[in-house]
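I opened the notebook today to look up a few helices and the packing around them. The entries below follow the order in which I went through the model.

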Amino acid sequence: MENVHVIDHPMVQHKLTLMRKKETSTGEFRRLLQEISMLLAYEVTRDMPVTYERIETPLAPMDAPTIDGKKVVVISILRAGDGIRDGMLAILPSARVGHIGLYRDPKTLQAVEYYFKVPTDMDDRDVIVCDPMLATGNSAIAAVERIKQVGPKSIKFVCLLAAPEGVEAFTTAHPDVPIYTPAIDEKLNEKGYILPGLGDAGDRLYGTK
Ligand code: URA
């Protein structure tokens, strides 16, 4: 599990608890996801390389560190990934953005891609893939497989909640891709929902149920 980072910061945990509560409204859930994603952005970018730029403060010149936000690509797995994407972009305003849409074929149970749009020249870009719930792991695994085909420099996966089954499947399929999550819950139920979890992240984010 060395590639799994559990973000146990009290602010993150507090916001996650509020999101789990069934009485939390759609508006509040959306706001909390934005805030928690901003905090996750700090963690996921902790090892970003910096370059030094000669600047002048009002008092003296200095070599000051900067990061190149344009090299980062935030890729959202539609549709719930957009909630994390927005928080990430609040911290990384010049990041590029990609989207991937997948659905599960009811006959083959395979993930089928219906949308894929990412920036060009991915070979020198660091990708942060966002999806709130790492449940069975099937869509995250398929999304990362597809993203690997365009050859980015690195890939990280960020979620809000994970199930042990999803973590196991994902790390087996993609041992090179670190996972960042505030919590790993108990298990999946028979419908593939995370327990205790927070319900359907997309429905809670958009108020569709
Ligand atoms: N997707 C969700 O939105 N919630 C879960 O618990 C599992 C998958």
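I began with Ala 173, which lies in helix H5 (residues 164–173), where helices (H or I, at least four residues) and strands (E, at least two) are DSSP runs numbered from the N terminus. I noted that Ala 173 counts as partly exposed because its relative accessibility is 34%; buried means under 20% relative accessible area, exposed over 50%, and partly exposed in between (1.4 Å probe, protein chains only). I also looked up its C-alpha, which is 6.7 Å from that of Ile 141, a residue 32 residues apart from Ala 173 along the chain.

I kept in mind that this is a predicted model, in which local features need pLDDT of at least 70 and side-chain atom pairs count only at pLDDT 80 or more, while totals for chains, interfaces and linings use all residues. Residues are numbered from 1 along each chain as its sequence is written, and side-chain values use heavy atoms, with hydrogens and water left out.

After H4 comes Gly 151, with a positive phi near 65°.
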